[in-house]
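I opened this notebook to record what I looked up, one topic at a time, for someone who has not seen this structure before.

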Amino acid sequence: MTATATAPSRRTSLKRDTLSVGTSVVMCMAFMGPATSVAFNTAPAAGGAGKALPLAILLSMIACLLVANTIAGFARKLPTAGFAYTYNTHGFGPSGGFLSGWLLLIAYGMVGPMLFSAIGAFGSDFLKAQFGWHVAWEIITLAFVAIVWAINASGVSHSAKAAMIFLVIEVGVVLGLAATILGKGGASGVSLATFNPGNSLHGVSGLGTGMLWGVLMFIGFESVATLGEEAKSARRTIPMALFSAVIVIGLFYVFTAFASSNGFGSSADFAADSSPWNTLAQKFWGGTAILTLTVMASQFANVISGSNAIVRVIFAMGRESILPRALGSTSSRNTPANALGAYMLFSVAFSLLVGLKYGPYGVYGFAGTVLGLGMVVIYILISLAVIRFYRKEYPDEFSAIRHGVLPVLTALIMLLPIYGQLHPMPAYPNNLAIWLLVLWMVLGAGYLGYLRSRKPHLVAAMGHVFEG
């Protein structure tokens, strides 16, 4: 605890020793939305890697394990809800920490609008296709907002239980379809040639494209770091959960990529299909209804876990009075009720207002672009911050490999997803997401200048209100 820090009172403390390693793993795996990631990211990934997609996903898994190494280095010393905000405050100082937290707010902030609008759209389409019922997507979205709000308000342990149920469903169904594809011999026999880089549709560049979308599949695993104040033996639990989640879901992604690539006759056919898993479900299961419901279950588990993560970042910044102080208080159940309420209202407003102009799938694409680009930048910043953090605060524990070479390598690898998202420039309206991020960071810099001139004591205390 620093001289400027103050120990949080019960009113600003989350419930301690609530989550085990297992439940922590469930929360971040659910945030990754395995079925949603497979359903939406396979097509663009295969567009580059073709039938070498399993190799590209394996490389993505390795890259994310490098990110996990960086986050674990911080989590062992700073088990806090603030995640990148607190980490980078210690690595870069108050300004770097604030701007990292500010970026995290908008990146994670897109999870709710993105998924609530998608659930509404999927639900509306499903009811119309299966039963001929015409239910507006907005109504379904509002219903799911109310359900998620109630679950998360009841406490993080209840959120973890709900996420686990739907996570098991989504992983089980997709694994079942993948096993069916392989069990029936795929399109023309099952072959390990899908791990041969020579089968990439566009060579090394194609593998890079596949890896880009593969990395985006993993976004969310880092969210377990926001549970640092609620996990049992957090300094051990959070690192274990990080690596476990990446490995378990990574193997799931590799296996499903292997199945899907074998389910198509050629790389060209695979790359040309805009919805390969629907094609495979129709071909090997005779319909897509089960897969559609599974994707909805995935989105539900995803938004439960994802909203928990952003709410805890909002809570941490409110507790330090960087955001309105009321957002940093907890309920009688030690849950961040005010931060949760504010975020749910924001999610509803963003989903409906943007959805009125661009439709629910437009909200999904726009918010997803903000989330993906923002989080990759966060990965890079954390990777660089951990180097300075250990050299400055724990010089005796500094490892040239673990805290030097690997973080630098991680930052360099993560430039690939940024390049992939900016070149070529996304189509309208997703291209506006880039300018939104730029504007947001300019506003953040202005707000930081205001805090430095008017409330310097808050700047001095950033990242130090809680240090476990």
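**Aromatic pairs**

I began with two residues and found that Phe 98 and Trp 102 are both buried. I keep in mind throughout that I am reading a predicted model. When I looked at how their rings lie, I found that Phe 98 and Trp 102 form a stacked aromatic pair, with 5.6 Å from centre to centre and 25° between the planes. Both belong to helix α5, which covers residues 94-109, and because they are four residues apart there, about one helical turn separates Phe 98 from Trp 102.

I then turned to Tyr 358 and Tyr 428, whose ring centres are 5.8 Å apart and whose planes stand at 70°, so I noted this pair as edge-to-face. Tyr 358 belongs to helix α14 (residues 337-393), while Tyr 428 is in the loop between α16 (415-422) and α17 (431-454), so the pair ties together parts that lie 70 residues apart in sequence. As for accessibility, I found Tyr 358 partly exposed at a relative accessible area of 29%, and Tyr 428 exposed at 53%.

I also noted that the structure holds 29 aromatic pairs. One aromatic cluster is formed by Phe 31, Phe 74, Phe 83, Tyr 87, Tyr 108, Phe 389, Tyr 390 and Tyr 394.

**Charges over rings**

I looked up Lys 77 next and found its charged end over the ring of Tyr 394, a member of that cluster, at 4.5 Å from the ring centre.

**Thr 369**

Is Thr 369 buried or exposed? I found a relative accessibility of 12%, and because buried means under 20%, Thr 369 counts as buried. Thr 369 is placed in helix α14, and, once I set aside its neighbours within four places in sequence, it is in contact with Gln 421, Asn 430 and Ala 433.

**The chain as a whole**

Stepping back, I recorded 18 helices and zero strands for the chain. Its radius of gyration is 22 Å, close to the 23 Å that the globule rule gives for 468 residues, so I noted the chain as being as compact as a globular protein of that length. Along the principal axes, the C-alpha atoms fill a box of roughly 70 × 55 × 40 Å.

I found that 59% of the 468 residues count as buried, and that the chain exposes about 17,300 Å², of which carbon and sulfur atoms supply 67%. Lastly, among contacts in the chain with a separation of 6 or more, I noted that 83% are between residues 24 or more positions apart.

Terms used:
Residues numbered from 1 in each chain as written. Predicted model: local features only at pLDDT ≥ 70, side-chain atom pairs only at ≥ 80, totals over all residues. Heavy atoms only, no water. Phe/Tyr/Trp six-rings, centres within 6.5 Å; stacked < 30°, edge-to-face > 60°. Helix = DSSP H or I, 4+ residues; strand = E, 2+ residues; numbered from the N terminus. Buried < 20%, exposed > 50% of the residue type's maximum accessible area, 1.4 Å probe, protein only. Lys NZ or Arg CZ within 6 Å of the ring centre and 35° of its normal. Contact = heavy atoms within 4.5 Å. Rg over C-alpha atoms; globule rule 2.2 N^0.38 Å. Areas by Shrake-Rupley, 256 points an atom, 1.4 Å probe, with all protein chains shown as cover.
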